Amino acid sequence: ATPTSIMVGTGRAAEMGVLFRKGDALQMLQEARVVALDKTGTLTEGRPELTDLIVADGFDEDEVLGLVAAVEAQSEHPIAEAITRAAASKGLTGAAVEAFTSVTGYGVEAKVEGRHILVGADRFMTREGIDLGALEGSGDSLGLKGRTPLYAAIDGKVAAVIGVSDPVKPTTPAAIAALHDLGLRVAMITGDNQGTADAIAQDLGIDIVVAEVLPEGKVTALEDLRTHGKLAFVGDGINDAPALATADVGIAIGTGTDVAIEAADVVLMSGDLTGVVNAFDISSRTMRNIR
Ligand code: ADP
Ligand code: MG
């Protein structure tokens with residue numbers, strides 16, 4: 001492509017709400033063989049809702065929800081917001097919290113009314129030496145439905161499994177089909193539970209799933225995908241910034257965080273994956289000098 005056609009392509013892309021911050025990204029996109037997508041907020045709305053609360057024998061639903069929500073009120077994770085909203089709608093708020101700790105990629109912990117509360121992924125419970133007992137099967141079933149299972153422990157005993165569900169954006173299935181039509185392999189990278197990620201990926205026809213990735217592990221996960229060829233990564237969150245910078249082409253969802261946008265080569269004005277398809281399309285037309 002000539003410098004003029006690159007300029008024309010960049011301009012046309014901008015009209016479609018796809019901002020190429022670097023000219024060579026237009027060229028590089030043609031070389032990409034894999035598109036890796038962050039799950040939460042990129043494939044999905046990023047606004048989970050509480051769907052299930054299953055308590056262990058001897059525990060009361062409202063009591064557990066109130067204690068868990070008190071801890072989550074200290075967290076800014078979208079999962080925390082789902083839980084606090086559900087508790088607020090039942091009037092279960094206001095318990096005093098002490099010694100709050102957040103363990104990134106695992107969960108949260110605090111003392112509420114003198115009781116020690118843990119909330120998080122199964123790996124958080126394993127790490128803290130909590131046996132999931134019969135609730136493990138319930139959690140696995142939630143995962144099979146594409147919901148995220150979270151466990152709550154009170155004073156060292158598992159008290160409940162909580163299901164949260166983050167809807168897939170309405171435009172995601174068609175965008176993935178279009179990427180496949182372009183001959184690309186589609187991968188998903190997420191910190192979420194393996195079973196949940198597999199169920200969502202299967203629904204969407206995603207080719208490669210990398211789940212239970214800790215925030216600092218996203219870059220390594222991406223580098224592993226390089227065995228399939230040059231790659232584009234699409235993300236929205238603060239913790240996606242290193243991956244956006246590492247990928248051959250980093251694409252940020254414009255409704256995402258400023259940190260992600262700063263780290264990206266391409267920024268999509270729309271809040272969904274349709275822009276990714278447009279970016280590939282414009283890049284291909286530009287490189288083949290098609291108007
Ligand atoms: P992602 O951005 O893919 O959701 P995170 O690293 O933010 O990944 O979270 C990974 C997992 O850690 C979540 O799926 C959840 O199981 C657990 N987790 C993180 N924060 C919280 C929280 N505030 N409450 C409960 N679980 C949490
Ligand atoms: Mg995200």
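The legends below describe several views of one predicted model.

**View 1. Overall fold of the chain.** Residues are numbered from 1 along each chain as its sequence is written, and chains are lettered from A and ligands numbered from 1 in the order in which they are written. In this predicted model, local features need pLDDT of at least 70 and side-chain atom pairs count only at pLDDT 80 or more, whereas totals for chains, interfaces and linings use all residues. The secondary structure comprises 13 helices and 13 strands, which are DSSP runs numbered from the N terminus (helices H or I, at least four residues; strands E, at least two).

View 2. The C-alpha trace spans about 70 × 30 × 30 Å along its principal axes. The radius of gyration of the chain, 21 Å, agrees with a compact globule, because 291 residues would give a value near 19 Å (taken over C-alpha atoms; the rule is 2.2 Å times the number of residues to the power 0.38). Of the 291 residues, 47% count as buried (20 or more other C-beta atoms within 10 Å of the residue's own, with C-beta atoms placed from the backbone).

View 3. Domain 1 covers 3–45 + 168–287 and domain 2 covers 49–165, with bounds from an automatic or database domain assignment. Their centres, taken over C-alpha atoms, are 32 Å apart. The contact (C-beta atoms, placed from the backbone, within 7 Å) takes 12 residues from domain 1 and 13 residues from domain 2.

**View 4. Helix H9 at the domain contact.** On the side of domain 1 that touches domain 2, helix H9 (residues 194–204) gives the most, with 5 residues.

Key: Buried ≥ 20, exposed ≤ 12 C-beta atoms within 10 Å, placed from the backbone. Contact = placed C-beta atoms within 7 Å.
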